[in-house]
Number of protein chains: 2
Amino acid sequence: MFADTAEFHVWYAERVRAQKYQTSKVPLDELDGWITDPATGNLRHHTGKFFTVEGLDVTRSGRAVEAWQQPIIIQPERGVLGILVKEFDGVPHCLLQVKFEPGNVNGLQLSPTVQATRSNLTGVHGGRSVPYLEYFSSPRPGRTLSDVLQSEQASWFLAKRNRNMIVQVDDDVPVLDDFCWLSFDQISDLLREPNLVNMDTRTVLAGAVARRLDEYAFATVDDFRGALARSWADDGDQLHTTVELLSWFTEAKGRCTLTRELIPLSTVTGWSRRDGALSHHREQHFSVIGVDVQTDNREVSNWQQPMFEPRSQGVIAFLVRRVHGVLHLLVQARFETGAFDGVEMAPTVQCQPDNYRHLPASSAPLFLADVLDAAPERIRFDVVHSEEGGRFYHAQNRYLLIEVGDDFPLAVPDNYAWMTLRQLTEFVRYGNHLNVEARILLTFFGFYREETS
Amino acid sequence: MFADTAEFHVWYAERVRAQKYQTSKVPLDELDGWITDPATGNLRHHTGKFFTVEGLDVTRSGRAVEAWQQPIIIQPERGVLGILVKEFDGVPHCLLQVKFEPGNVNGLQLSPTVQATRSNLTGVHGGRSVPYLEYFSSPRPGRTLSDVLQSEQASWFLAKRNRNMIVQVDDDVPVLDDFCWLSFDQISDLLREPNLVNMDTRTVLAGAVARRLDEYAFATVDDFRGALARSWADDGDQLHTTVELLSWFTEAKGRCTLTRELIPLSTVTGWSRRDGALSHHREQHFSVIGVDVQTDNREVSNWQQPMFEPRSQGVIAFLVRRVHGVLHLLVQARFETGAFDGVEMAPTVQCQPDNYRHLPASSAPLFLADVLDAAPERIRFDVVHSEEGGRFYHAQNRYLLIEVGDDFPLAVPDNYAWMTLRQLTEFVRYGNHLNVEARILLTFFGFYREETS
């Protein structure tokens with residue numbers, strides 16, 4: 001346990017020094033253990049395990065660009081992302097792990113207690129077993145706080161889902177090297193630091209938001225915190241009923257005309273292999289690269305694999321507005337390239353702005369300017385975080401919460417709706433509703449703290 | 001409006017007399033407008049519209065039979081099933097329609113206000129427009145009571161879903177021929193008559209159960225009605241929390257190993273074409289047959305199409321038990337052959353018992369004997385209803401609600417869980433949770449009435 005985050009940082013720096021790791025780029029066609037299928041150009045592991053990179057043909061997307069082709073990761077196996085919670089002196093703490101992932105900007109980030117692919121579970125890696133997994137298998141001790149199959153980045157994965165779990169125990173839990181207990185408040189602070197709390201931790205914590213907001217007793221205060229607390233209060237003071245929002249979501253699914261079809265990776269238009277990577281011809285979106293990984297602290301100590309490397313930083317933001325003093329979030333029903341059910345609830349803005357530079361200004365994503373041009377006093381949260389370092393190389397997104405003023409119109413286009421935190425927190429309990437970007441922003445609301453000076 | 005159901009029946013008999021319709025069987029290879037693909041044996045319409053019949057290979061089902069092949073209906077288009085509700089003197093009424101479907105046992109059944117395939121919406125039939133559709137399009141007048149994409153029979157459809165909607169209006173609504181207003185109480189009575197209220201009406205009405213149970217003020221009575229009312233009361237008196245049940249559901253998805261692959265219909269093992277139909281070699285399950293349809297009251301007056309004809313009657317039942325006076329339903333997390341997400345919440349028992357006659361008695365579906373051998377005084381509901389008459393020919397299932405005694409064990413196998421009506425009514429608001437059979441039984445709970453003598 002740490003008295004404060006400064007103490008955590010001393011420990012963290014020491015863990016960083018203790019671990020040896022190195023990631024270096026390798027040309028795709030020299031990747032050890034990986035095969036470029038001669039017929040399709042698809043990338044696959046020689047065992048047939050882990051994941052493949054294939055081609056996807058997308059049409060009728062309903063976006064500024066109606067149709068395109070792209071590489072996509074196919075990983076049908078579902079893993080477990082689990083966080084163990086335990087109260088010490090009545091204060092809930094999470095057991096997190098300082099873990100190396102090859103794509104992490106800074107090598108080591110704070111991961112969930114357990115971050116296991118099915119390959120981990122079944123021993124395909126031939127490596128060590130995953131500690132603490134028994135708390136997330138059935139039957140298990142403790143009380144389940146959340147447990148739901150959630151989607152991951154639909155721009156890069158086809159129908160990928162992982163089980164997100166939070167389990168609370170009362171028993172003594174041995175703390176292994178590289179693991180530590182952090183209180184909810186300490187995690188709130190650490191979420192304000194760039195590239196430290198990894199994506200898996202951020203998405204799993206969305207399942208703790210309800211519990212966290214229950215402690216949030218500022219409902220009488222006439223400021224952002226108060227509006228946030230009232231957005232959780234169950235007093236019917238919302239713009240739309242839950243039935244209306246579910247109907248809006250069903251309606252959006254009805255409008256979705258997205259079609260997608262797997263195609264051979266070698267036939268994907270607009271992409272080509274050069275300099276050992278598979279890249280977009282305008283150097284936009286992402287490249288598929290190869291990496292060599294050396295580490296002394298994972299199940300296996302050396303391996304090579306393909307990764308997706310974004311070519312620019314993304315922007316992921318909710319616009320929020322007080323309506324009769326109650327905070328409402330502007331949620332988008334987004335046609336998601338790779339989402340299992342085609343449409344998910346997404347942040348107001350979710351894009352790589354650089355992808356639009358060749359398009360007319362009128363094609364810019366809706367509300368992007370409201371985010372990027374927001375006055376500093378309207379920015380409630382603004383931190384750069386990494387996406388999952390096991391598949392994505394230095395993938396960074398700027399996450400923002402922007403509070404717009406009363407002059408911001410409540411009337412919004414069909415694919416958008418204003419919701420309260422309580423409503424989103426209800427929807428996140430069900431899979432296929434909030435996408436990973438929306439879930440992560442929801443976590444930032446649940447773990448919201450003012451900047452401390 | 002009818003003073004009572006006797007008055008309804010006079011009107012209904014008259015509507016039956018007024019409509020002319022005839023369905024007769026036609027050999028599959030003589031079906032007008034339908035093509036047996038020479039390469040695959042798949043059945044498809046010459047326009048490429050409506051639906052196709054293809055082959056499905058199923059493995060690792062986790063059932064008594066682990067692997068099999070079967071014909072399956074592919075109908076990717078989503079239709080709208082909508083019921084219009086309006087209060088007359090404070091009493092809610094549904095606008096239902098006496099409608100012919102070729103597969104109906106008795107020709108005409110009570111359909112929702114709107115029962116429109118996407119082909120209807122876009123005019124593929126070249127027929128008349130669908131009345132009342134404007135109440136279910138956007139923007140629309142009135143208040144949406146429920147609106148969700150729901151699955152249909154997963155044994156016969158692959159990933160088929162329809163939009164289930166209930167919309168309440170205050171305006172005057174013109175009542176066309178063959179349409180009538182029926183009160184919730186009258187519908188309760190009619191649901192106790194065999195083969196009258198069609199499947200689409202029964203599934204849509206699951207969205208009205210919450211509203212119906214709100215009126216159900218018998219919570220203090222120590223009988224089945226009282227236990228049912230307490231199963232709706234939101235007082236935390238349930239065996240499992242909602243989070244625990246969602247975790248149980250996620251866990252079941254994790255256990256599901258079901259794989260399914262479309263294959264050419266001509267290669268399906270165990271099935272062959274004889275006497276103009278495609279039948280199972282043991283005369284079990286169902287046959288794919290062709291029918292010729294004549295009617296004077298549909299968008300088009302004559303057509304031919306393939307249909308699925310079950311070879312035996314099915315049994316669909318919930319076992320329910322009072323726990324501390326609160327009714328609990330024994331729900332099954334069922335690996336569903338054709339379900340979009342593989343696993344859905346299903347009734348305790350859902351099968352065609354005849355399909356098991358060649359298997360050892362130990363392979364009989366769990367709890368089937370508890371249903372079939374139930375003492376008469378334990379049977380709360382027992383009615384034979386038809387499945388959707390547009391695709392299924394004389395498909396009848398016996399729907400039962402059986403109340404077991406306090407000696408029935410609360411400990412149940414992993415794939416089963418006890419839930420309250422409130423919990424199921426919450427889950428039914430989200431798609432991909434309750435299968436069509438469970439939703440229909442839920443409707444019977446919501447519209448429960450004692451037998452009147």
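This note goes through salt bridges in a predicted model.

1. Basis. In this predicted model, local features need pLDDT of at least 70 and side-chain atom pairs count only at pLDDT 80 or more, while totals for chains, interfaces and linings use all residues. Residues are numbered from 1 along each chain as its sequence is written, chains are lettered from A in the order in which they are written, and side-chain values use heavy atoms, with hydrogens and water left out.

2. Total. Over all chains, 50 salt bridges are found (a side-chain nitrogen of Lys or Arg within 4 Å of a carboxyl oxygen of Asp or Glu).

3. E309(A) and K25(A). These side chains form a salt bridge with an N to O distance of 2.9 Å. The partners are 284 residues apart, E309(A) in strand β17 (residues 302–310) and K25(A) in strand β1 (residues 21–26) of chain A; strands are DSSP runs of E, at least two residues, and helices are runs of H or I, at least four, numbered from the N terminus. E309(A) is buried at 17% relative accessible area, and K25(A) is partly exposed at 48% (buried is under 20%, exposed over 50%, partly exposed in between; 1.4 Å probe, protein chains only).

4. E387(A) and R202(A). A salt bridge joins this pair at 3.5 Å, N to O. E387(A) lies in the loop between β22 (379–386) and β23 (396–403), and R202(A) in helix α4 (residues 199–205), 185 residues apart in chain A. Both residues are buried.

5. R225(B) and D223(B). The closest N and O atoms of this salt bridge are 3.5 Å apart. R225(B) is buried, at 19%; D223(B) is partly exposed, at 24%.

6. Network. Salt bridges link R140(A), D147(A), R163(A) and E251(B) in a network.
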